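Hi,

Here's the structure I promised to pass on. Have a look at it first, then read my notes below.

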Amino acid sequence: MSTEPLLKVENLTKHYVGRLSLAQRLAREKPSVVRAVSDVSLEVRKGEILGLIGESGCGKSTLGRAILRLHEPTSGRVTFDGQEVTTLDPMALKDIRRRMQIIFQDPYASLNPRRTVAEIVGLPLKLHDLATSADDLRAKVIAIIERIGLKANQLDRYPHQFSGGQRQRIGIARALISNPDFIVCDEPVSALDVSIQAQIIELLLELKREMGLTYLFISHDISVIGYLADRVAVMYLGEIVEMGPVDAVLSAPRHPYTQSLMSAVPDVDHPGHAQRVRLTGDLPSPLDPPSGCKFHTRCPLAVDRCRSEAPISEDLGGGHRAACHRLHEKLSLLETA
Amino acid sequence: MSALLDVKGLRTVFETRAGTVCAVDGVDVEVRRGECLGIVGESGSGKSVTFASVMGLVRSPGRIDAGEILFDGRDLRKLSQKELRAVRGRDIAMTMQDALTALNPALTVGVQLAEVLEAHDETLPRGRRARTRAIRERSAEILGLVGIPSPDSRLSQYPHEFSGGMRQRIMIAIALACRPKLLIADEPTTALDVTIQAQVLELISDIRAKLGMSVVLITHDLGVVAEHCDRVMVMYAGQVVEEGPTTEVIGSPSHPYTRGLLGSIPRLALRGQPIHPIEGQVPDLIDLPAQCRFYSRCADRTDACLTPIAVRQVGPHRKARCILAGEDTQ
């Protein structure tokens, strides 16, 4: 694995601004702003899997989409293989998207129900002019469809004729057919049953090895990230609170949020672990995020400083970073088992 | 002491244009007093339909074809609709997977709680004003019990004004309003984030201890079972394939499907070790051949598996539906 970053994200911010009615505009009301992603910086090296973990509403999917400019970022910079993506014109953006693809969470909603598998999977080839003839297109579609574990005689069926796991395979084929370098996997296994989930995880890992791919793997499941990622980034309310090599972060999490997230995972191997951290309350609304450290409303270790001042991400060595005022007090919510 | 719920030979079928789907085929369930029983299985395994049948919630084109559902010694299938209504909601309560669709969006939470109390609580005073006041007090008390802050003012709010975790708590509150003897929780945390999931599951465990009720926890997450259930029942394609105390089943599973499930989940404690997916797919439930239903996906299959396999005792408290179970399978 090389250390050269394939993808570089600098200070990426995505805000959604609410619409105002005429009456509200006349009353000079300020529009509501959802701060989905605030000032996120990260790098994905060539050939690695960066796991992005967080609860629903933390902005992890928005970040994945803003990187591909499926949602236009509000500010910040995305560089892919030395080329700045955020300023590309539409034609150049289309070209670079051949190399940057996405696999979606919901295998039911992400496939057009009125198109056959051959049409769905072949579309990227048409869009990017990658097939020399109709026969060539068909041959390429058959090759990828067989690689991901479906049969050539299923090509003219429609998505509803497949199970969830098979549909996810179709989504993977569509992402891979243009021979990309980088794929945003947006919770690709969350909607699947456990035994099927394992099949898809193994397929994604095999394909990565064979085709030399790089993944940004978005998930809410720490066990899945722990299994397949090389590095992991933990998001909370639009910010990355901790990031580092997966072994370092999962064996010795430093941010209290990562610690509570890990202790909340129901574990087959250590049932009833007494060291459970109880987080009280819900995720605050990104419409009106808390002041200071955004985690302070739920953090058992919060002190006055956390309420007023936002912590800055600190380097803890070995590429491990975390943003917390109390990092150096060696406090841990997890008692050593 | 006799079991609180004893289901014997339950068979629930759905008539469809493509044929008869046998969603639950000969299922026996025993829920003991005060215990938490986990029901594990993938989609289509029949875990939800089994308990929808217990609650009498199976509607046409579905019907219960055979079986006894004994609750506290009475066969629920022999009760009239009116008698069943008196049991359902008061003695047995069920929470649904998706709280947003299960709650009525057009009624306040207070109204929905009052509905259950009106129907079942015989201790309420008769006089109208006293009754209204008593219901309001009881409702606020129950919302407080499930950990909703300032319950008095929240009674007049609508479901959409609550977060996902709070809605799940409200549904649990409605289920618990009459202090049932049995709570059936159908995937109570599937739609929730892990930190919220932990809160809701602990809430159910706390209340179970406080009220001494029995809980059936339907889930697909073996981690949830390991942490919260005394016993576990594993279902596959409409049948029970394994049953026993949680620690024993997870520690040394008898059925190849249970082993497969445990081998296919990424586990933090076993990081670095490969996972082993179960190949293939769940069989179509229409016109199933009379053989072991796991046959096509099983790594240990033999020709003897092509005959129907019955559940048998494989340990003092354990049962499994596999001819190899109980023998040395390690």
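How many residues of chain B are in contact with chain A, and how many of chain A with chain B? On the chain B side there are 40 residues, and they touch 41 residues of chain A. Keep in mind that this is a predicted model.

Together the two chains bury about 3,400 Å² between them, with carbon and sulfur atoms giving 55% of that area.

As for polar contacts, 12 residue pairs make them across the interface.

Which helices does chain B bring to this side? Among the contributors, α8 (194-211), α9 (222-228) and α11 (256-264) of chain B each supply at least two residues. The largest share, eight residues, comes from α8(B). Sorted by class, the side of chain B that touches chain A has 19 nonpolar, 11 polar and 10 charged residues.

One more stop, in chain A: is A:Gln168 buried or exposed? This residue lies in helix α6 (residues 164-176), and A:Gln168 counts as buried because its relative accessibility is 1%, while the cut-off is under 20%. Leaving aside neighbours within four places in sequence, A:Gln168 is in contact with residues including A:Phe104, A:Pro188 and A:Ile200.

Cheers

Definitions and conventions. Residues numbered from 1 in each chain as written. Chains lettered and ligands numbered in written order. Predicted model: local features only at pLDDT ≥ 70, side-chain atom pairs only at ≥ 80, totals over all residues. Heavy atoms only, no water. Contact = heavy atoms within 4.5 Å. Buried area = accessible area lost by both parts, 1.4 Å probe. Polar contact = N/O pair within 3.5 Å; in protein donor to acceptor, adjacent residues only side chain to side chain. Helix = DSSP H or I, 4+ residues; strand = E, 2+ residues; numbered from the N terminus. Nonpolar A, V, L, I, M, F, W, Y, C, P; charged D, E, K, R; others polar. Buried < 20%, exposed > 50% of the residue type's maximum accessible area, 1.4 Å probe, protein only.
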